[in-house]
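Dear colleague,

Please find below the structure I wished to pass on to you. My notes on it follow.

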Amino acid sequence: MTARLSLYRKAEHELYKLDRSVKAQFYDFCHVFRNNSKQPGLKLKKLKGDSRIWSARVNDSYRALLTPTGVDADGIESWLVIAVRHRKDVYEELQVAVNRVTGEIEFVDLAVVGDSALRRAGITLTPAEPDKATASAAPTAEPAQPQTDPPLLAAYTADQLRELGVADQLIELALAVTDSTELDQLVEGAPLLSKDVLYGLAAGMSIEEVRKEITQPVELSHEPDLGDFAAALTRTKVTAVDDDVQAAIDEGDFRAWKVFLHPTQERIVHRHYNGPARVSGGPGTGKTIVALHRVKHLAEQLPLGHNKPILLTTFTKNLTTDLRLRLSSLIEPELLARVEIAHIDQLAARVLGENTAPGRGRQRVYDHVALNEMRQLLAELDDRRWEPEFLLEEWEQVILGQSVPNRSAYFQARRAGRGRSLTRPERNHIWKLIEQFTARLDKLGVETWGQASERAARFEIERAAKIRARREYKEEVGGKDLIHRDDSSGMRYLGYRYRHIVVDEAQDLSPAHWKMLRAMADPDLPNDMFIAGDAHQRIYDHQVALGALGVNIRGRSSRLTLSYRTTKEILADALRVVEPRKSGQTVDYDDLDDGTDNLSGYRSVLHGPAPAFTPYDSWDGELAGLATTLAAWRNELSTDDNGSPRDPSGHIAVCVADRDMVSQTMYYLVTKAGITCAELTKDGPKGDGEVHVGTMHRFKGLEYQRLAIVGASDGIIPRTNVIERFRTEDPPRYEREQRKARSLLFVATTRARDALNISWHDKPSPYLPI
């Protein structure tokens, strides 16, 4: 072997998009190059623009672009493949450098930059291999074009862009672009940090925000040597090219997801935290990907063993199933075996099972059952002072959420986010009603999941108290009679359940859930809790302040702002759902810790068609229109880009507001349109139908190439008969219910990756951005 090869991560990402035949020939090229990098058939030569970039022949049409990174003690050269390009897209002006902020190797490709931007900057690209017909003609530089429209980034200077980490070769061009289309073309070939910085500034983030949220998380603690490529390579995300490279490349886009983290995401994943940490961001910014990679990172640091010291949890069963599938494809089986993957209610049930005598357990019921019992109680008492929904929420969010033990404690209980304040007599009256309600449930032998979570939290808090008492005793006696004490108290194996807890979709957990989780991990150990969530996607009415629940994330919060799933066109309309621009209309969202959050700087890196908004006169007419849309989508997705047939199943979905509409929609599509359907349930799609149909709640955490939202009518989204009564009698709750409904529609719209159709009959929902 005369050479070692590594793949630059952007080159690896690009390889997945090439034809299988080109991938195979690239593998052959790698084999030849490693054995004899001077083999004449490779036609290895320097580019004229940057002497550190070499071109080598993969086949008649494709070239590998490489840069040497050093020679080891045995005389073996190390090379980094920075791109694989069609020869017509290889220009002399390509450049490679070391980034002054990250210290990583960066490849800058101006071949994808728009002609207008290049002309304004006075740049002409020179083909490295010009066509024979034009080979004798010397390239002529076109004069720089006068600026017509104001630059998009006119408010910034070259020095500011340089300090933020934008590649030198792109700064002049970045300051010359005049619209978002030119910016998109510029960053298509840009290093990842440059892309994130420029998009952040263009989206309205301040210099300080970009520095804090994008640059600082990836900044080296010292200034790198910009000429030391060997040192830079150790800081650069690369994949070693070995005999398994062909299989790796053939895995396609899913492998790209497994290895491809943006710099900000990667730093969050690998950072050491001295306490609970949180990552927030809008849909598609990679919060779940970061959480899964965080689990992988933590698992790789574990000492040898067979226990499960890492917990990965989320709110619902179907999301847990999805997390398990994705994590199993990300880490090796022996590491996966060290991770407990369970949804939060499953975890609570397990704790209760361990602490309840056989035959003494209660049947757990969902909230709609408890609500019916509350209605019956109020009817029997002829008490019309409080709505049953309000009482049930007061019980679950305040009394259960704070483990309020008695009436005196309820008088002092914190009620942040619960609407209007309550007087002492009102609290007294509510407490009496709740006592009668819980006695009613006890008599029936049932409990709600909220009750179960609160009981589980108390058991875990008691367990944690015993662990602390054991530690204090050990410190006091120096361990002299610890064994005797353990034997007599049954505490020999008592310890915290988990070393690390990773939570996805954190905004939907209740206070009791958080108290239980906090007690399950040792707060004295680093990296104890990692939390991913977005309050704009809260679709359940759980108001929490993490600090008040013992989960202190202050100073350990990160924010992601770039969406890699939803197109700009879809995102623009989705943002107007949760952050309307209508005069006098504002919607505030909390940050899970007594502060406020917004989606400032949130931006997509993808383009696609604008969402379609279609009115209909009736529900039947809307369903007929839906069938036509789905049939067209099915035909479009039935072949790939090369014209080969493919199965469109699982790529198209229909989202509705409630279960009745699910049944009606599926019945129409199957019986009237001949379109097979699979219903989205808590366990995932039920059946193998080509189109998935479900309520908005079921789409949490999912994504589809094409999505139709039907029944988006006034009175349905939101259910005005449910919330209108709060408009005058409880304005704060009215606003909270509206915010929850907006979040539900926001979640639904951002499940679409490429195309989104929204329809309604009669009047449209007031939340639609039309």
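Is E380 buried or exposed? With a relative accessibility of 56%, E380 counts as exposed; here exposed means over 50% relative accessible area, buried under 20%, and partly exposed in between (1.4 Å probe, protein chains only).

Please note that this is a predicted model, in which local features need pLDDT of at least 70 and side-chain atom pairs count only at pLDDT 80 or more, while totals for chains, interfaces and linings use all residues. Residues are numbered from 1 along each chain as its sequence is written, and side-chain values use heavy atoms, with hydrogens and water left out.

Salt bridges

The structure holds 41 salt bridges, each defined as a side-chain nitrogen of Lys or Arg within 4 Å of a carboxyl oxygen of Asp or Glu. In one of them, the side chains of E373 and R440 meet at 2.8 Å, N to O. E373 belongs to helix α17 (residues 367-381) and R440 to helix α20 (residues 424-444), so this pair ties together parts that are 67 residues apart in sequence. Helices (H or I, at least four residues) and strands (E, at least two) are DSSP runs, numbered from the N terminus. E373 counts as buried at 15% relative accessibility, and R440 is likewise buried at 17%. E380 also forms a salt bridge with R440, the closest N and O atoms being 3.0 Å apart. A further network of salt bridges links R362, R364, D442, E447 and R455.

The open sheet

Six strands form an open sheet with parallel pairing, in the order β11-β10-β14-β15-β9-β16. β11 and β16 (557-560) stand at the edges with a single partner strand each, so one side of each has no neighbour in the sheet. Two strands pair if DSSP finds at least two bridges between them. Strand β9 (residues 277-281) pairs with strand β15 (residues 529-533) over four bridges in the parallel sense, and S280 stands opposite G533 in β15.

Strand β11 (residues 339-341) contains E340, which is buried with a relative accessible area of 17%. The side chain of E340 makes a polar contact with that of R350 at 3.3 Å. A polar contact is a pair of N or O atoms within 3.5 Å; within protein, one must be able to donate a hydrogen and the other to accept it, and residues adjacent in sequence count only if both atoms are side-chain atoms.

Yours sincerely
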